[in-house]
Amino acid sequence: MATQEGLDVYFFMFTGMLVMFLLSAAVVVLFFVYQKKFYNQQVQLKETEADYQRKLTRNNIEKIEEERRRVAKDLHDEVGSIFSTLGVKIIQFEKKHNTSSGSIELIKESKLLVDKGIMSVRRISHNMIPNELEMFGIAAAIEELCFQFEGTDGLEVDFESQGLDKCGNQEIELALYRITQELISNTVKHAEAKRVEIMLVCNNGEVSYDYQDDGIGFDHEQVRRGLGMHNITNRVEMNGGTLSYHTAQKGFGVSIYFPVKI
């Protein structure tokens, strides 16, 4: 009888411990399920925020480019036309009136100012929307850009391209042009470089772009925080590309890759 009571006690204790173990295990499982669900929600939230930021950045860049086109058109069509008309009026005035030596000098100075105004309008509107990019493609546009910077503070700019007749993505071409503009400007302003090498290749549905100068180089963290570099990164990412910076004690470089649908 006593043995049977002992067995009942052990069975009761075993059953109680088993129930407690199962309850504890259920609590642990529920905790991890909740943790996993919370983690997935956080990941989804971050992806949503990142997607929103990408759309916002893309929208901002598109608006900037649209505004550049509008201002460039207004400059060319309105201000450029005013300068041209003014130049014609000065010539007509010169032909119709007998002018003294002092008046002739004044007319010459006026013509010179008008010519400078026309050239400034053309230069500013060209920088906003490069005609070479729309008419002749990215290779001609970058080549013209390099020509503009060639010789600035003794800078030598070497540009090579291959296979670009196989690529026709205008958004990528505009991104590459703006990136080149930003990089060469940074080199001239900060790098104290004497030489820049740019290589652009489009082949088998891929675009690869390499930029390298021989200047004093940049601190890697400074590069990441810079607004210009931030814009470059955004332009690359919004077109589905990837990039890497090469910073060292001497020289600065960027490598960019775009997959292109042909």
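**Figure 1. Surroundings of tyrosine 209 in the predicted model.** Leaving aside residues up to four places away in sequence, tyrosine 209 touches Ile142, Leu176, Ile179, Thr180, Leu183, Ile198, Met199, Leu200, Val254, Ser255 and Ile256, where contact means heavy atoms within 4.5 Å. The model is predicted, so that local features need pLDDT of at least 70 and side-chain atom pairs count only at pLDDT 80 or more, while totals for chains, interfaces and linings use all residues. Residues are numbered from 1 along each chain as its sequence is written, and side-chain values use heavy atoms, with hydrogens and water left out.

**Figure 2. The largest nonpolar core.** This core has 37 residues, and those with the most contacts inside it include Tyr209, Ile138, Leu176 and Phe258; a nonpolar core is a set of buried Ala, Val, Leu, Ile, Met, Phe, Trp, Tyr and Cys residues joined through side-chain atoms within 4.5 Å, buried being under 20% relative accessible area, exposed over 50% and partly exposed in between (1.4 Å probe, protein chains only). At least two residues of this core come from each of helix H4 (138-149), strand S1 (156-162), helix H5 (170-191), strand S2 (195-203), strand S3 (206-213), helix H7 (227-238) and strand S5 (252-259), with helices (H or I, at least four residues) and strands (E, at least two) taken as DSSP runs numbered from the N terminus. H5 gives the most to this core, with 8 residues.

**Figure 3. Phenylalanine 12 and a nonpolar surface patch.** Phenylalanine 12 is found in helix H1 (residues 2-96) and is exposed, with a relative accessible area of 66%. Together with Val9, Tyr10 and Met13, Phe12 makes a nonpolar surface patch of about 500 Å². Patches are made of residues with over 30% relative accessible area and no salt bridge, like charges being joined within 9 Å and nonpolar side chains (Val, Leu, Ile, Met, Phe, Trp, Tyr) within 5 Å; a salt bridge is a side-chain nitrogen of Lys or Arg within 4 Å of a carboxyl oxygen of Asp or Glu, and accessible areas come from the Shrake-Rupley method with a 1.4 Å probe, only the protein chains shown counting as cover for residues.

Figure 4. Aspartate 153, found in the loop between H4 and S1, has a positive phi of about 55° although it is not a glycine, and its relative accessible area of 58% makes it exposed. Glutamate 192 lies in the loop between H5 and S2; this residue, not a glycine either, has a positive phi of about 55° and counts as exposed at 62% relative accessibility.
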